[in-house]
Amino acid sequence: SNEQDWIQVKYYNGIVWGQKCAICKLEVREDQEIVQCMNCKTLFHKQHLSQWLKSNTKCPVCERIIMF
């Protein structure tokens with residue numbers, strides 16, 4: 001398989017309906033910097049995922065290797 005072995009994380013600019021950051025468990029709001037794992041579509045506060053990625057390489061939800 002020539003599937004890339006990592007999943008991209010992109011800025012999320014859509015409408016947020018009470019979703020929570022998968023790391024801090026608090027709601028994400030449209031006026032915050034929100035990023036999304038393009039594999040599982042989970043939303044995160046950018047600063048929380050950035051902090052997570054300092055000591056982890058994988059999405060905390062789908063466990064695919066992720067990078068910005």
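Which backbone oxygen lies 3.3 Å from a polar atom of the side chain of His45? It is the backbone oxygen of Glu27. This is a polar contact (a pair of N or O atoms within 3.5 Å, where within protein one must be able to donate a hydrogen and the other to accept it, and residues adjacent in sequence count only if both atoms are side-chain atoms).

The model is predicted: local features need pLDDT of at least 70, side-chain atom pairs count only at pLDDT 80 or more, and totals for chains, interfaces and linings use all residues. Residues are numbered from 1 along each chain as its sequence is written, and side-chain values use heavy atoms, without hydrogens and water.

Helices (H or I, at least four residues) and strands (E, at least two) are DSSP runs, numbered from the N terminus. Along the sequence their order is β-β-β-α-β. The C-alpha atoms fill a box of roughly 40 × 25 × 15 Å along the principal axes.

Of the 68 residues, 26% are buried. Buried means under 20% relative accessible area, exposed over 50%, and partly exposed in between (1.4 Å probe, protein chains only).

His45 belongs to strand E3, residues 43-45. His45 is buried, at a relative accessible area of 4%. Its side chain also makes a polar contact of 3.0 Å with the side chain of Gln32. Leaving aside residues up to four places away in sequence, His45 touches Cys21, Cys24, Leu26, Glu27, Val28, Gln32 and Glu33. Contact here means heavy atoms within 4.5 Å.
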